[in-house]
Structures are given as C-alpha cells and as structure tokens.
Amino acid sequence: MIVLHYTGMETAAAALARLRDPAARVSAHYMVDEDGSVIRLVGEDRRAWHAGAAHWRGIGDVNSASVGIEIVNPGHEFGYRAFPDAQVEAVIRLVAAIKDRHAITRGNVVGHSDIAPARKRDPGELFPWARLARLRLALPRPTRGLMDPQWPEAGFLLALERFGYDVTKPMAAIMAFQRRYRPELIDGEMDAECRMLLLALLLPRPQGDD
C-alpha cells in the first residue's frame, strides 16, 4: 500500500532532520516539499518506520507492506494549510509511479488517519484526494447511485471494518472515514450520508469525483 502523511512540523528542514535522525526512530521512503521537490530517504524495497501502530485490511504490520510519503505541511498543531499545487502535482507523479511499480490498487492508497484513526489526522481534510481519484490513483468520493442501507451503528461499523478500518474506537474510525470521504463535516456521527458513501465504496466500482 501507499501511505500519505503530512510532516506536522514547523519547517521542512526540521522534518527532514528528524526523518534522517536515527535516534528519532521514524523514517519514510519519500518527502515532498511545498515547492514540489522530492527527496528519497529509504529504498522502496526496504522497511521505513512511518506508520507506527496501524491496521488496514487485515494487515497489522503496515510498515512491512507499504511505501510511506511525507508531505511537508505544518499540520493541525502548527497552522494546517492547503497543499500548494506544485506539491500536489509532485505527489501525484510519485504516487502514480509507485502504484505502477508495485501494482497497488487504488483502495490501498491511504492516509495515515485511515490506518491509525485513533492516533492520527494526517494528511487531513485539506488534502485534495479528489485530484488523485480523478486520475484513478485513489478511491473517489462516491456521487452516483447513492442509496441509504439504513444500517444501525453496529452494522455501519461492521461495514467500515470490512472496508479496511480499525473500528476498535468507533468514533475515531467514523471521523477518519469522514475526514477522507466527507471532509466538510467531521463530527464522528454516523448519518445517512456516511452510510450511503460507505455502501457505494464497498461496491466493485465506486463512481464519483468527476
């Protein structure tokens, strides 16, 4: 899988220094700066320590099965802001190349918050997933043929787990889903729109973002 993060530090230099510091015990395969420059830090055939305690679609050791991309952004703690076009275009090119090299499905192009919903919020609600989805580099936000399955909360959580999320902490899992697929309202409440989006995503070919 491909896991997208934001650096969550005040400067790119500070983030790069931390990613290169053995004592920090954190690393990623790539870092993408706001000007679009890409730094390779770890070979794709080697483990990088970017995911932490995480889970996605039955995989508990995400570091062993993923390529991690750190995207320079101060994050929610230091002044979260929109990602510049040059940076997004660089991420798109990088994701496309990695996805092709490793035959990664678009359902396995995820954010850090998707694989660690109780701990992480990155790359966050401002990340333009729709731009990746239009290029079939990530799953879209469904917009067609939406139907409410009227699941109770237990049914919704079961479907969310089937989709790939760790639902041990239900509200965190719902907020992570919303952050990715309904970023304009992240309230942790399961509602009809969330049910419709999740049902559409579980279908073989979810349609949207066009």
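Author: One term before we start: a residue is called buried if its relative accessible area is under 20%. Bear in mind, too, that this is a predicted model.

Let's begin with strand β4, residues 67-71. Five of its five residues are buried, so the strand is largely enclosed by the rest of the structure. In a regular strand the side chains alternate between the two faces of the sheet. Here both faces are covered, with Val-67, Ile-69 and Ile-71 buried on one side and Gly-68 and Glu-70 buried on the other. As for strand partners, β1 (residues 2-6) runs parallel to β4 and is joined to it by five bridges, with Ile-2 paired to Val-67. Strand β2 (residues 30-32) is also parallel to β4, through three bridges, and there Tyr-30 has Ile-69 as its bridge partner.

Now step back to Ser-66, in the loop between β3 and β4. Ser-66 has a relative accessible area of 8%, so it counts as buried. Its side chain makes a polar contact of 3.0 Å with the side chain of His-50, and a polar atom of that Ser-66 side chain lies 2.7 Å from the backbone oxygen of Val-62. Leaving out residues up to four places away in sequence, Ser-66 touches Met-1, Val-3, His-29 and His-50.

Searching the whole structure gives 12 aromatic pairs. One of them is Trp-56 with Tyr-165, an edge-to-face pair at 5.1 Å centre to centre with 80° between the planes. This pair links distant parts of the chain: Trp-56 is in the loop between β3 and β4, Tyr-165 is in the loop between α6 and α7, and they are 109 residues apart. Both Trp-56 and Tyr-165 are buried. Another pair is Phe-127 with Trp-129: the ring centres are 5.0 Å apart and the planes sit at 75°, so this is edge-to-face. Phe-127 is buried at 5% relative accessibility, and Trp-129 is buried at 8%. Arg-180 lies over the face of Trp-129, 3.7 Å from the ring centre.

Trp-56 and Tyr-165 also belong to one aromatic cluster, together with Trp-151, Phe-156, Phe-163, Phe-177 and Tyr-181. Arg-57 lies over its face, at 5.1 Å from the ring centre.

Nonpolar side chains tend to be buried together in soluble globular proteins. In the largest nonpolar core, which has 26 residues, Ile-115, Phe-156, Leu-160, Phe-163, Tyr-165 and Phe-177 touch the most other members. Helices α6, α7 and α8 each supply at least two residues of this core. Apart from it lies another core, of 24 residues, among them Leu-4, Ala-90, Ile-92 and Leu-132.

That leaves helix α8, residues 192-202. Its buried residues are Cys-194, Arg-195, Leu-197, Leu-198, Ala-200 and Leu-201, and they pack against α6 (153-163) and α7 (170-181). At the start of α8, a side-chain oxygen of Asp-191 comes within 3.3 Å of the backbone nitrogen of Glu-193.

Note on methods
Residues are numbered from 1 along each chain as its sequence is written. This is a predicted model: local features need pLDDT of at least 70, side-chain atom pairs count only at pLDDT 80 or more; totals for chains, interfaces and linings use all residues. Side-chain values use heavy atoms; hydrogens and water are left out. Buried means under 20% relative accessible area, exposed over 50%, partly exposed in between (1.4 Å probe, protein chains only). Helices (H or I, at least four residues) and strands (E, at least two) are DSSP runs, numbered from the N terminus. Contact means heavy atoms within 4.5 Å. A polar contact is a pair of N or O atoms within 3.5 Å; within protein, one must be able to donate a hydrogen and the other to accept it, and residues adjacent in sequence count only if both atoms are side-chain atoms. Two strands pair if DSSP finds at least two bridges between them. Rings of Phe, Tyr and Trp (its six-membered ring) pair if their centres lie within 6.5 Å; planes under 30 degrees apart count as stacked, over 60 as edge-to-face and the rest as tilted. A charge sits over a ring if NZ of Lys or CZ of Arg is within 6 Å of the ring centre and within 35 degrees of the ring normal. A nonpolar core is a set of buried Ala, Val, Leu, Ile, Met, Phe, Trp, Tyr and Cys residues joined through side-chain atoms within 4.5 Å.
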